[in-house]
There are 4 protein chains.
Amino acid sequence: MQLGMIGLGRMGANLVRRLTRGGHECVVYDVNADAVAALAAEGATGTNSLEEFAAALTTPRAAWVMVPAGLTGDTVFKLADLFEPGDTIIDGGNSYYRDDIERAKALVPKGIHYVDVGTSGGVFGLERGFCLMIGGEPDVVKRLEPLFATIAPGVDAAPRTPGRSGEPTQAEQGYLHCGPVGGGHFVKMIHNGIEYGMMAAFAEGLGVLQKAGIGRTSAADHDAETTPLTHPEYYQYDFDIPEVAEVWRRGSVVASWLLDLTAVALVEDPELATFGGRVSDSGEGRWTVLAAVEEGVPAHVLTASLYERFSSRGEALYSDKILSAMRKQFGGHHEKPSS
Amino acid sequence: MQLGMIGLGRMGANLVRRLTRGGHECVVYDVNADAVAALAAEGATGTNSLEEFAAALTTPRAAWVMVPAGLTGDTVFKLADLFEPGDTIIDGGNSYYRDDIERAKALVPKGIHYVDVGTSGGVFGLERGFCLMIGGEPDVVKRLEPLFATIAPGVDAAPRTPGRSGEPTQAEQGYLHCGPVGGGHFVKMIHNGIEYGMMAAFAEGLGVLQKAGIGRTSAADHDAETTPLTHPEYYQYDFDIPEVAEVWRRGSVVASWLLDLTAVALVEDPELATFGGRVSDSGEGRWTVLAAVEEGVPAHVLTASLYERFSSRGEALYSDKILSAMRKQFGGHHEKPSS
Amino acid sequence: MQLGMIGLGRMGANLVRRLTRGGHECVVYDVNADAVAALAAEGATGTNSLEEFAAALTTPRAAWVMVPAGLTGDTVFKLADLFEPGDTIIDGGNSYYRDDIERAKALVPKGIHYVDVGTSGGVFGLERGFCLMIGGEPDVVKRLEPLFATIAPGVDAAPRTPGRSGEPTQAEQGYLHCGPVGGGHFVKMIHNGIEYGMMAAFAEGLGVLQKAGIGRTSAADHDAETTPLTHPEYYQYDFDIPEVAEVWRRGSVVASWLLDLTAVALVEDPELATFGGRVSDSGEGRWTVLAAVEEGVPAHVLTASLYERFSSRGEALYSDKILSAMRKQFGGHHEKPSS
Amino acid sequence: MQLGMIGLGRMGANLVRRLTRGGHECVVYDVNADAVAALAAEGATGTNSLEEFAAALTTPRAAWVMVPAGLTGDTVFKLADLFEPGDTIIDGGNSYYRDDIERAKALVPKGIHYVDVGTSGGVFGLERGFCLMIGGEPDVVKRLEPLFATIAPGVDAAPRTPGRSGEPTQAEQGYLHCGPVGGGHFVKMIHNGIEYGMMAAFAEGLGVLQKAGIGRTSAADHDAETTPLTHPEYYQYDFDIPEVAEVWRRGSVVASWLLDLTAVALVEDPELATFGGRVSDSGEGRWTVLAAVEEGVPAHVLTASLYERFSSRGEALYSDKILSAMRKQFGGHHEKPSS
C-alpha cells in the first residue's frame, strides 16, 4: 500500500527502503532536497514541499512523521492543515507519549487519525527489521498493518517461544498494537528504560572486572583518600575484557544483543581509548522514571542507570562539593586536590 | 580424553552427557548410587566410592567436582588425599573465588593442580552447551582444553563478532581461560552480578508497564497513603504484558536470552499467579557487591538489584517500621493498617 | 497586624495560636464550625462563611489558606472572587510549586497577589515555631514579614552559625523569602526530599544493627533461599536499639531532630510492635525526584528513599514475581512459598 | 582514675585534655616527642618509649590506643608484650570490628583484656564531649566507666527524651556499653554509614536546589547531549543556598548537626570554590555495606551514598566509557567530547 514519509534521516530513509523493497509505494519529503533525491533514485516518489507531499498521496492518506523530536508537533499540525477527514498521521519519532495524547485530541475535530509508533532497531533496522510498538484506534491501526508487517523483522527473526502455537500473533512478527493512542510510545519508553538498566548492568559489571587487579598496586600508591585493601591478594587479576565479553555471547545467561554490540565495540577499541565517558541520555529514560514515580512503582535500577549518566557528565559536582565542605567542617578533612 | 565427575546432579549429569556424546570417557561418582547407575547406563564408568573413583582414573588424573557449594571444600580435600602429584582437581561449582585461591594454595605442597570453572547455562546447557570461565595454571588448563571445547557451545552458537578474523579464539568457542586460579569464578561472579541487574531492569520496566492503568482507579480508591495522580488521563492503559515481551524479542535493543525466558514464563502463566514474589539470591550477586565496594567502583544498579531481592523476602521490614515510627512522631501520621 | 486563616486543622489552628499569642489579630474560617468556635474562644474572630470571612478583613486583605492539598486551588479561586485588587492570598499548604506558579498567573488579571509558604514544624510547631520558606513578589512578602517573624522560631532557636555577624538575617530568624512565586514550595519540596533521605539513612542503619545477631541462627534455619554466612562469628550481637539511638543524641555526627524523634519512638515502643511497616509518601518526595530528573542532577539517595516507601506498601510485587518467573525458567529454581 | 594514652594526634590529645580537666591522671606516649611534651606541659605524665609508658602505669593497667588505623594492630600487640594479666588495652581508633574480635581472641592466652571504643565527635569533641560506643567484657568496661563518663558529653548535652525517667542511663550520658568485643566499633560503623546517607541527602537536595534556574538557560545552550526541558518556566529560580541552609536550622525537620556544619561551610565559602569535589571515604562506610549484604538487609541509601563518593573520584569512568561505546554501536551516537 502507499505511505508518505516526512523526514529522511537515517531512520526515515531506512524505513522507506524496507517498505519499497517490500513492494509498498512511498511518497517522501524532507527539507533536505538531496535526501529526497537519494530516495527517489531508489524508487520512492520525491516531493519538494509539504503541499506537494500531501497532494501526491491518495486518500485516505497515511503519512509517517520521522523528524527530530523537537519538530514533530509542528510538522504534525502543518500536515493536518493539508489533510482531510479520514487521513492518518503516524508519529514514528521519539515522542513523549503524553504529547501523542494531546496531539490526537487536537486532531479529533478535524477528523484526522493519529497513530504513534515506537520504533526500535537503530542502525541495524534496515537489515534486521524494526521492532514496532503501536498506539491508536483499532481500525486505523488495522488498516496500516501491511506497512507494519513489512517494516517489522518478521516471525523468523527469533525462534518461536515454547508454549505458543497456532497462527503467529502480531508480536511474533515484530510489531504490536499496544493500546489506545500514546500506548506505542509508552511501551517504547519502558523499552528504553529497560535498555538503560541493561546497559548499566554490563557497564558496572565490566567496571568491576576491569579493576580486579587493584591489589597489585603498591601500598605507596594508596593515600588517605582511599581505604587500603584488607586482602590485596584477592585482587591480582588482569582480565582480557574483550575476550570476556566474547565468551559470554555463547551459552551464558547474559547473552543479548547489547552484549553482541559490546563485543563489537571492544574489538574495535579494546581500551575504549576513543571515549571520554560522557554519556548522553534521551527523553525515554527520564520519562520512565517519571512514570515509575507517578505510578508509585519502585524502579531503583532504571533510575540509577539514568543518574549514572547524569554523573558521567559532571552533574554531581555541586553535591560532591557539599560533601567535601561538610567533611572539612566536622573532621578537618582536606579534600585531595584534583591534581 | 578421560575426566572424572563427582556430583551427578542436574549440572554434573548433563556435563557428563555432553562429554560422553563428544567422545570423551567419563568416570563418575555420586553419593546417590541411582545417579551413578543412570549415567553408567548412558556409557559412563560408574564407581561406588571416592577410593574406587580415584583408582578408576588414569594418571595424571583430572576430576571435576560438581557438588553443592557447601560441600565443595570437603570433597576437594578428600579427593586430594587420594590423588598424586600431577593430578588435577577442577571445581566447577558456584564457589567463591577466594575459596579457590585458598584451596589451590593448600594443594601446592601435595603437587596437585587446581582449576576453577565458572559454568553458565542452567537447564539448557545440555543442548546449548555451557559457557565456561576458567582459572588456573596455563599448562594445566591447556591440557584440559579438549574437555572444555566439548562442553562449550562452540563457535556456531553465535554469529561471529564483526571485526574478528582468523582462527576463532577460545572465547569464540564458548570457553575462556580467564587468568590464574580464582579467575574463572571471579568472571562468573561478575557474570551473575550483571544477570541480576538485567533481570531487575526487565522486572522494573514490566512493573511500570503493568501499572499503567492506575489512572482508571476511581478517586475514591485513593487514600491518605497515596498521593493522588495529577494527570490520571495519562495512565489509562491496559497492556498485554506477554505480547509486549514477545514483540521485544524481534528487532529491539533489549532482545536477549533473559527476555526469551520471560516470554516463555508469561506464556505459561500470564498473570504470574503461581508466584508469591519471594526472590532468592545466591552468593554471586552478593560477592559482586563486595568486590565493587572493595575495589571502590560504583555499582548502583547491580547492588540495587540485589537489595530488591532482599526486600522481596521482607528483609526491609524493620527499617520500614522505623520510618513509620518517625512519621508518627513528627507528623502525627498514623500508618495505614496492613488490612 | 491582621491575618485571615482558612482551614483550622492542626496546622492552621496552631498558626493562629502562635499569631494571637504574638499580638496579631486573626480572622478565622473553617467548614467545621466547632473548629471556628474553639479558636474564637481563644481570641480569634470567627466567621461562618467565606463571604463573612472576606468582609471581616480590612483591605489590603491578607488571607492564609491552610486546607488539604486537594482543596487548595478551589479555595484560592473562590476567595479571589471575594477579594479586591491589592489583596493577598497566601498558600501555606503542601502545594506543588508549579500549581503556585499557575495560580499566581491566573490571579494577575484580578490584581490579587499570591504568596506561597512552605511550612515545616509538624506537631511541634506551636511551641518550637515553624520554619517558613516563602515565595512571592518582594514588596508583598515584605508587608507580611511581621506575621512570618511571629510564626517562625526566632533567632534563639539555634546557636548562631560561626562566621555570621551583624543584624541577624531573615533566615537566622527562621523564615526566608526564597524567590519569586513557587520558590517557597520549591525549597520546602527539597527540604522534604532531604528529610526522606535522612529518615531512610537512619532506618537502614538501624535495620543493619537490628540483624547483627544473624550469625547466632543455627545453620538448620538456613535454606536454599538464603546464602549461608561465611563468618557467623562476626554476627553475634544483640544491640539495644533504643539505647543506641539515645547515645547518638550526644556528641555524635548524626545528632539531629529526626534522631531525637526516633529515640522517643523507641522509648514508646522498643520493639516497634505497633507498626506494620507500610510507609506513606506525600507529594514532596515525588516532586523532588521529578525535579532531579528534569534538571539532570543525580539524586540516588533521595530517589531510593522514595522507592523504599513504595516497596514497603507492596508495590514491587509484580516486579518480584517477574524475577521469580525468570529464575524458574533458566535455573529451575522454585520460589520458596511465602511462609 | 589513671589512663595511659598512646597516640597524641588531634583525637588522642583532646581525649587526654578532657580527662585531665576531669581530674583523671594521664600517662601519655607518642612517637613524636613534641606531642608528648605539649601534653606533659598540660599536666599529663609524658613517657619516651612503650617500655617507659608501660612502667609508668599502675596495675591493673588501662591503656588507650589512638593511632592511625594501619598501626593499631601492631601497637596493641607490642603493648601486650609489656603488659601483665589483668591489664586492659582499649582500641579507640577507627578499627574494623572484626579486627577487634581477632585481637581480643589473640590476647586471651595472655590474660589481657581488650575493649573497643568507637569515638565520634571530630574536631569539636574537646568542647562538646565525645560520643562513645563501647564493646568488651562487662566487668572490664564497668571498671573503666569513670573515664568514659568524663570523655562523654554528659547528660545535659541534649534535652531528655520524653518518656524516659529515673536515673539517666549510660546512653543518656553519651556513652554506651553496646555488647561484647567488637560491638563498639560495629555500632560506630553503622553510625558512620548513617552519616554518609545523611550527608548525601543534604548534598543531593542542595544539588537540585542549586540547578533550579536551569530553565533560564537559552535553548541555544542545549545540545543533543541533554534532553530539552519541557517546561523551562518552572525552572527559573536562583536560590541563595547559604540562606536556605540557615533557615532550615530553625524549626524544620532536617535540623541537625550536619546541617549546622553545612551552614558554617556555606558562610565560609558560599560558592564552594575551594573544593574540587573529590570526596574520600573511610572504611566504615564500606564496612556498613558489607554488613548489609552479608545480613541480607537492603541498604539502598547507605550504599548509594558510598558509591557517589567513588564516582566523585572518577571511579565510574570505565563503566561510562562502556556505555558510550554501546551507544555508538546501536545508535551511531557520538559521545560529546569532554571539551
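How many residues does the contact take from chain B and from chain A? The contact, in which heavy atoms lie within 4.5 Å, takes 95 residues from chain B and 95 residues from chain A. The structure described here is a predicted model, in which local features need pLDDT of at least 70 and side-chain atom pairs count only at pLDDT 80 or more, while totals for chains, interfaces and linings use all residues. Residues are numbered from 1 along each chain as its sequence is written, chains are lettered from A and ligands numbered from 1 in the order in which they are written, and side-chain values use heavy atoms, with hydrogens and water left out.

Between chain B and chain A, about 7900 Å² is buried, and 67% of this area is on carbon and sulfur atoms; buried area is the accessible area, found with a 1.4 Å probe, that two parts lose on being put together, summed over both. Four salt bridges are counted between chain B and chain A, a salt bridge being a side-chain nitrogen of Lys or Arg within 4 Å of a carboxyl oxygen of Asp or Glu. In one such pair, the side chains of Arg164(B) and Glu246(A) meet at 3.1 Å, N to O. The count of residue pairs in polar contact between chain B and chain A, both residues being at pLDDT 80 or more, is 52. A polar contact is a pair of N or O atoms within 3.5 Å; within protein, one must be able to donate a hydrogen and the other to accept it, and residues adjacent in sequence count only if both atoms are side-chain atoms. On the side of chain B that touches chain A, helix α9 (residues 183–210) of chain B gives the most, with 18 residues; helices (H or I, at least four residues) and strands (E, at least two) are DSSP runs, numbered from the N terminus. The residues on this side of chain B divide into 56 nonpolar, 22 polar and 17 charged, where Ala, Val, Leu, Ile, Met, Phe, Trp, Tyr, Cys and Pro count as nonpolar, Asp, Glu, Lys and Arg as charged, and the others, Gly among them, as polar.

The relation between these two chains was then examined. Chain B can be laid on chain A with an RMSD of 0.1 Å by a turn of 180° and a shift of 0.0 Å along the axis, the superposition being by least squares on the C-alpha atoms of residues with pLDDT of at least 70 in both copies. The two copies are therefore related as by a two-fold rotation axis. In chain B, the C-alpha nearest this axis belongs to Ser256(B) and lies 1.9 Å from it. The same surface serves both copies, since 100% of the contact residues of chain B recur in chain A.

A further interface joins chain D and chain A, with 63 residues taken from chain D and 63 residues from chain A. These two chains bury about 6000 Å² between them, 60% of it on carbon and sulfur atoms. Of the area that chain D buries against chain A, 13% is supplied by Tyr318(D), Gln329(D) and Phe330(D), more than by any other three residues. The count between chain D and chain A is two salt bridges, and Lys211(A) forms a salt bridge with Glu315(D), with the closest N and O atoms 2.7 Å apart. Seven residue pairs in polar contact, both residues at pLDDT 80 or more, are found across the interface of chain D and chain A. The elements that give two or more residues to the side of chain D that touches chain A are α9 (183–210), α11 (257–268), α12 (283–295), α13 (300–312) and α14 (317–331) of chain D, and the largest share, 15 residues, comes from α14(D). The residues of this side of chain D divide into 25 nonpolar, 19 polar and 19 charged.

Within chain A, an automatic or database domain assignment gives domain 1 (2–160 + 168–181) and domain 2 (189–218 + 229–239 + 276–331). The C-alpha centres of domain 1 and domain 2 of chain A lie 36 Å apart, and their contact takes seven residues from domain 1 and six residues from domain 2. The two domains of chain A bury about 530 Å² between them, 59% of it on carbon and sulfur atoms. Asn94(A), Tyr96(A) and Arg98(A) supply 63% of the area that domain 1 of chain A buries against domain 2 of chain A, more than any other three residues. One salt bridge is found across this domain interface, and the side chains of Glu294(A) and Arg98(A) meet in a salt bridge at 2.7 Å, N to O.
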